[in-house]
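Hi there,

Here is the structure I promised to pass on. Have a look at it first, and then read on for what turned up.

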Amino acid sequence: RKKNKALPLIIMAGVLVALIVGYALLSAYNAKKAEEEANTETSTVEVLKKASAIPVAFSYDIKNQVLEFSYDNEEWIYIKDNTFPVDNDTVTKMVSGLTDIKAVSVVNKDGADVADFGLESPALTLSVKYSDGTDYTFKFGIVNSYNGYQYMTYTGSDHIYMVESTLASTFTKELKSLYKAEIWTLQNDAVTAEDVTSITIESADGQTNTIEDENGIEALFELVY
């Protein structure tokens, strides 16, 4: 009988020990997990950081065309045609990430061929000039199929970095997508639709469309009159 009375106590003690051990293991696991997450969040590499300077000019190539912009009198200008109506909000957002560029890691390129990273024939070449007089050319290579990061290097650096692919994809906009549409009104009461023989519309990429039929001319004329 004494043994029977002691048995529940032994079982309860065993359960209590198991709970204590389980709690300790769980606490250790959570602490390790938190440490790993903290290390992941802070394991970025500073590539380029500008404390006060801003981009004042940049260029990039897309579809065998080089697009060049400069910042003048608080407005972005398309260098090849300063009458081109640049969408300043869009361009400002594009360059906003160029004052603090971070990488997720530096590539160990020992024994590797630079061509393996796609940097001999870059997917994107981006040149940037800053208000402090410095300028850099960034080259973006292939995207790593395993982790989705893109290889990048820039002038003055011996390193190859792995960066978020969104940094390069920001500069894939064609000129026509950087056009700011304007609404204007024809202020001339002496001109009527009957006086117009044709209306030519030119898009931002240089393509033209000429309207010559009376109904089309009248419809377009009403939009601008």
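Is D100 buried, exposed or partly exposed? D100 is partly exposed, with a relative accessible area of 32%. On this scale, buried means under 20% relative accessible area, exposed means over 50%, and partly exposed is what falls in between (1.4 Å probe, protein chains only).

Before you go further, a word on where this comes from. This is a predicted model, so local features need a pLDDT of at least 70 and side-chain atom pairs count only at pLDDT 80 or more, while totals for chains, interfaces and linings use all residues. Residues are numbered from 1 along each chain as its sequence is written, and side-chain values use heavy atoms, with hydrogens and water left out.

The overall picture

The protein chain holds four helices and twelve strands. Helices (H or I, at least four residues) and strands (E, at least two) are DSSP runs, numbered from the N terminus. Of its 225 residues, 26% count as buried. If you take the contacts with a separation of 6 or more, residues 24 or more positions apart account for 53% of them. Contact here means heavy atoms within 4.5 Å.

The salt bridges

Back to D100, then. A salt bridge is a side-chain nitrogen of Lys or Arg within 4 Å of a carboxyl oxygen of Asp or Glu, and by this rule the count comes to four. One of them pairs E46 with K102, whose closest N and O atoms are 3.8 Å apart. That pair links distant parts of the chain: E46 sits in strand β1 (residues 45-49) and K102 in strand β5 (residues 100-103), 56 residues apart.

K49 counts as exposed, at 53% relative accessibility. D100 has a salt bridge with K102 as well, at 2.8 Å from N to O. Through shared partners, these salt bridges join E46, K49, D100 and K102 into one network.

A negative patch

What kind of charge gathers where E194, D195, E212, D213, E214, E218 and E222 come together on the surface? The charge of that patch is negative. Lys and Arg count as positive and Asp and Glu as negative, with His and the chain ends not counted. Patches are made of residues with over 30% relative accessible area and no salt bridge: like charges are joined within 9 Å, and nonpolar side chains (Val, Leu, Ile, Met, Phe, Trp, Tyr) within 5 Å. The place of a charge is taken as NZ of Lys, CZ of Arg, CG of Asp or CD of Glu. One member, E218, is found in helix α4 (residues 214-224) and is partly exposed, with a relative accessible area of 40%.

L167 is in helix α3 (residues 166-169) and is buried, with a relative accessible area of 17%. Leaving aside neighbours within four places in sequence, L167 is in contact with L98, I101, F140 and M152. From L167 to F140 it is 27 residues in sequence and 9.3 Å in space, C-alpha to C-alpha.

S59, in strand β2 (residues 55-62), counts as buried at 16% relative accessibility. Not counting residues up to four places away in sequence, S59 touches V66, L67, E68, T125, L126 and S127.

A loop to check

Finally, look at the loop between β3 (65-72) and β4 (75-78), where you will find N73. Phi of N73 is near 55°, a positive value in a residue other than glycine. E74 lies in the loop between β3 and β4 too, and E74 has a positive phi of about 65° although it is not a glycine. N73 counts as exposed at 72% relative accessibility, and E74 counts as exposed at 66%.

Cheers

How values were computed. Areas by Shrake-Rupley, 256 points an atom, 1.4 Å probe, with all protein chains shown as cover.
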